[in-house]
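Open the model in your viewer and keep the selection tool at hand. The stops below go from one selection to the next.

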Amino acid sequence: MFSSVSRSLLCCTNAIGPNRALAYILTKNSILEPSSIQCRDYHEVTGNIICPNVVRGIDHLRDPRLNKGLAFTLEERQALGIHGLLAAKFKSQEEQLDICRISVDRYEDNLNKYLYLVELQDRNEKLFFRLLAENVEKYLPIVYTPTVGLACQRFGLIYRRPRGLFVTINDKGHVFNIIKNWPEPDVRAIVFTDGERILGLGDLGAYGMGIPVGKLSLYTALAGIKPHQCLPITLDVGTDNQDLLEDPLYIGLRQKRARGKEYDEFIDEFMEACVQRYGQNTLLQFEDFALPNAGRLLKKYRNKYCTFNDDIQGTASVAVAGLMAAVRVTRRKLSENIYLFLGAGSAANGIANLTVAAMMADGLSERQARERVYMFDVDGLLSTRREGGVPEHAKAFGKDIEPEKDFEACVAKIKPSCLIGCSTVGGAFTPNVLKQMAMNTERPVIFALSNPTSKAECTAQDAYDHTEGRCIFASGSPFPPVMYSGREYRPGQGNNAYIFPGVALGVIATATHHISENMFLTAARTLANYVSESDLSIGRIYPSLAEVKEVSVAIAIEVAKTAYDEGLASVYPEPRDLPKHVQNQMYSYYYESAMPVTWDWKPEEKFNVRPIQPVPKNI
C-alpha cells in the first residue's frame, strides 16, 4: 500500500525536510524496505552557481534551466549518460529558434501561441528567453498585453504546471512557511498581485497569476534579470466576481474578498515574510491592485521596503516619456500644456503626479503645475463644489470650479492640449471629443492608455481621422498602422515594458533599498531621449520595441547612477565602471557547455620516499 508513496515522495540520499523524516520513519518500522525507496524523478537546480556533483545526467533533459534538446554535443551526450535518449541529429540553438518560430506561426489563435511559448519555457528556458528577446515586437503582444489578458480569463482551463506561489488568506499567520517552500534561495525580485484589477478586466482573483508570470518573463527577456531570481506570487484573498465563484474551473478560494483589518494584516505579514526570507533589498513589485488599495499600500510601504507599483509609477513613467518626446513635435514645453485626464484612478494619479514633477523641473512651482492638471471621473469633473466632493486619493487635483458631468463639454471649456485616457471605457474619446481637441490646439496630444485593446478610449485610426491627421497619438495596447490622406503612420504603444524591466535591473544591480520617485522621472527622460527623428516622422513617440532591450539597459544604468547619487545603493564600493557592472549582472540566453571544466596539474616533484615501517605494538 505504500509503494506509490515511496516512488513519488521519498528520496534516498537526496531527500530533505519532511520527506527524509518520513523515509526514515517508514524504513525504521520496516514498512518499507530501504531498497524500495526511490530517488525523486528529477533534480531542480537552484542558485546562480550550479554545483556539478549534485546534478545527474538525466537532469540535463528534465530541468528547463539545463535542457538544450538536440543541441547537446556527442561528447556531452556520452559523458552525461544521455546518449540514445535523444535523436541522432545535432542542432544549433539558431536552428532550434527557426523551428520555434515556424511552430508558433502555425497557430492562428493567439491563445494557442501563448500556450506554446509557456510550454517552451517549461521545457527549455534559454531557448524561450532568446526567442522572446530576439523577436520582441512579434511575441511581446503574446506573452504580455493584450493576449495575457485572455490567458488570465481562461486560466482555469489552461493551467498546466505550477509556476510561482499561491498564498491564501487562510494561510494568515503562516505566510513565512509558504514563502520558504519556494526551493530557490536566490530571489531578488517578487511580482505579486491580489487579482482585483487585472488590466482593464476587473476582479479575476487567482486567475490573475498570469500577470506576475508575464511581467517576470519580461524582466528576463528585456533586461536580462536572471530567471531564477524572479518569483511570481498571487495573494488569494477571495474574489467578488460572482461568475468566478460559480465557475467549475476556478482554481482559487471560493469566497468573497477579505477586506479591512484582516486584509491589511495579511499584506503586512506577506511583506515582512518576503524580506525575512530573501533580505531587505528584495524588490517587491505591486501589480494590478484595485484603486482602494493600490495608492494607500504604496504610500504605506514605499519608505519601508524596496517596492514600487507598476500600474502607478511604471505607467506614469512611460506616459511622461511620451509627453517629453512629444515636446519635439508640438514645440510646447511640458509646463505650457493643459492636461485633462479621463479617469482619476491610480494610473491617472500616478501619471499626473510625475507630470507635475516634470513641470517643476521646467521651472514651475508645485501649485502652478497642479493648476494645469484636470481630472474627470465617473461622477464628472473633479470639482470641490460637486456633490460628494473630490475622492481622497485625488484631492491634489480637485479644482474650485463649476461641476460638469458632460465630458465633451469639459474638453470644450477647459481646452486641454493633452488628453489622457485611463478610464478603461472603450470608445470614450468620441468623434466629437477628438474634433474638439483638434480645435483646441494645432497639435493635440491624445493618449488612449487603457488595456486591453477593447478598453482603449479610441483607436489610432479614429484619432487621426477626427483630428485631420494632426494628433500625436499613443496607446496602451498595440494598434495597426494608420493610413490618413495617403500617408502611413505607425503610432507608438505606451507600454510599461519600456520602463519596469530597466528600473528593476538598476535596482537589483545596486542592491537599492528604496525606490525613489526621481528614478521613474530619470527612466522617463532616458526613454524619451531614445526617440529618433525617424520615429517622430512616422507618428511614433516611443522607440521601436525592437530597441527595448537596449533602452532597458540604458535605463538600468541611469537608475543605478541615481541610486548612488541619492545614497540608496547598498553595493559598496561604488563600481568604477557602472555600465559594465550592470551588464555583468545580466542573464545569458546562449547555451553553455554541459561538460565539467578540466585542467592539468604540473608534474609531481621527485623525492626519495622511505618504505612504510611497521607500527610498534606498544603505540
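Select Tyr-339 and Cys-418: in this predicted model, Cys-418 of strand 9 is the bridge partner of Tyr-339. Now extend the selection to the strands themselves, residues 339-342 for strand 6 and 418-421 for strand 9. The two run parallel and are joined by four bridges.

Seven strands form an open sheet with mixed pairing, in the order 8-7-6-9-10-11-14. At the edges are strand 8 (380-381) and strand 14 (492-493), each of which pairs on one side only. Go to the strand 14 end and select strand 11, residues 472-475: these two strands pair in the parallel sense over two bridges. Ser-475 has Gln-493 in strand 14 as its bridge partner.

Two helices come next. Select residues 310-330, helix 16, which packs on the sheet and touches strands 6, 9, 10 and 11. The direction of helix 16 makes about 155° with that of strand 10 (445-448).

Is Asp-310 buried or exposed? Asp-310 counts as buried because its relative accessibility is 0%. Show what surrounds Asp-310: leaving out residues up to four places away in sequence, Asp-310 touches Tyr-144, Lys-215, Gln-285, Phe-286, Glu-287, Thr-315, Asn-496 and Phe-500. Glu-287 is 23 residues away from Asp-310 in sequence, and the two are 6.2 Å apart, C-alpha to C-alpha.

Move to helix 12, residues 210-223, and select Thr-220. Thr-220 has a relative accessible area of 0%, so this residue is buried. Apart from neighbours within four places in sequence, the contacts of Thr-220 are Phe-129, Ile-225, Lys-226, Pro-227, Cys-230, Tyr-587 and Tyr-589.

Now for the nonpolar cores. The largest has 125 residues, and those touching the most other members are Leu-117, Leu-218, Tyr-219, Tyr-339, Phe-341, Ile-420 and Ile-499. Helix 25 (residues 548-565) gives the most to this core, with ten residues. At least three residues come from each of domain 2 (93-305) and domain 3 (313-494). Zoom in on Ile-499: not counting residues up to four places away in sequence, Ile-499 touches Gly-314, Ser-317, Val-318, Phe-520, Ala-523, Ala-524, Leu-527 and Ile-555. A second, separate core has 33 residues, including Val-167, Leu-253, Phe-266 and Met-271.

Finally, colour the model by pLDDT. The mean is 91, and 93% of the residues reach 70 or more. Over residues 1-27 the pLDDT is below 50, and this stretch has 33 contacts in the model beyond near neighbours in sequence. Residues 30-43 are also below 50, with 37 such contacts.

How values were computed:
Residues numbered from 1 in each chain as written. Predicted model: local features only at pLDDT ≥ 70, side-chain atom pairs only at ≥ 80, totals over all residues. Heavy atoms only, no water. Pairing = 2+ DSSP bridges. Contact = heavy atoms within 4.5 Å. Axes fitted to C-alpha atoms, helices over the stretch in contact; angles between N-to-C directions. pLDDT = per-residue confidence, 0-100. Buried < 20%, exposed > 50% of the residue type's maximum accessible area, 1.4 Å probe, protein only. Core = buried A, V, L, I, M, F, W, Y, C linked by side-chain atoms within 4.5 Å. Domains from an automatic or database assignment.
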